[in-house]
Amino acid sequence: MAKIPATAVAASGLIGGYGVARWTEKRPLGGVALAAAGSLAAYEWNRQAGPRAAAGLTVAYVAAFAGSHPLAKKVGAWPAVFTVAGGVAAASWAVTRRVANT
């Protein structure tokens, strides 16, 4: 079975969580998708980079979710979601890559 990087899981969780909430018109369902992907990403971050990195990246994931709301008022919902997803993906890649290369 192919391994999906935590970077992709985290970005997909932010995008997918919003998509599920929007298309089903049930925000709690989007929250379930967001939390499930965040939990899986946190597990992988912990496995790949340790508990401190996992905690920091989990905080970044939650902050990105929260930050997408005010950003959406300025640039629109989808651009905000893609922006924060890209930011979390970049942070995840940088942290896990740095640890993998040491």
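What is the mean pLDDT of the protein, and what share of its residues reach 70 or more? In this predicted model, the mean pLDDT (the predictor's confidence in each residue, from 0 to 100) is 93, and 94% of residues reach 70 or more. Local features need pLDDT of at least 70 and side-chain atom pairs 80 or more, while totals for chains, interfaces and linings use all residues. Residues are numbered from 1 along each chain as its sequence is written, and side-chain values use heavy atoms, without hydrogens or water.

Two packed helices are described by the angle between their axes and the distance between the axes. Helix 1 (residues 6-24) packs with helix 3 (residues 51-75) at about 25°, the axes lying 11 Å apart; the pair is therefore roughly parallel (angles under 35 degrees). On the contact side (heavy atoms within 4.5 Å), Ala-10, Gly-13 and Leu-14 of helix 1 meet Tyr-61, Ala-64 and Phe-65 of helix 3. By class, this contact has 5 nonpolar residues, 1 polar and no charged ones, with Tyr and Phe counted as nonpolar and Gly as polar.

Turning to helix 4 (residues 77-100), Ala-80 is found there. Ala-80 counts as buried because its relative accessibility is 0% (buried means under 20% relative accessible area, with a 1.4 Å probe and protein chains only). Beyond its neighbours within four places in sequence, Ala-80 is in contact with Ser-68, Leu-71, Ala-72 and Val-75.

Technical notes
Helices (H or I, at least four residues) and strands (E, at least two) are DSSP runs, numbered from the N terminus. Buried means under 20% relative accessible area, exposed over 50%, partly exposed in between (1.4 Å probe, protein chains only). Axes are lines fitted to C-alpha atoms, for helices over the stretch in contact, and angles run from 0 to 180 degrees between N-to-C directions. Angles under 35 degrees count as roughly parallel, over 145 as roughly antiparallel, 65 to 115 as roughly perpendicular and the rest as oblique.
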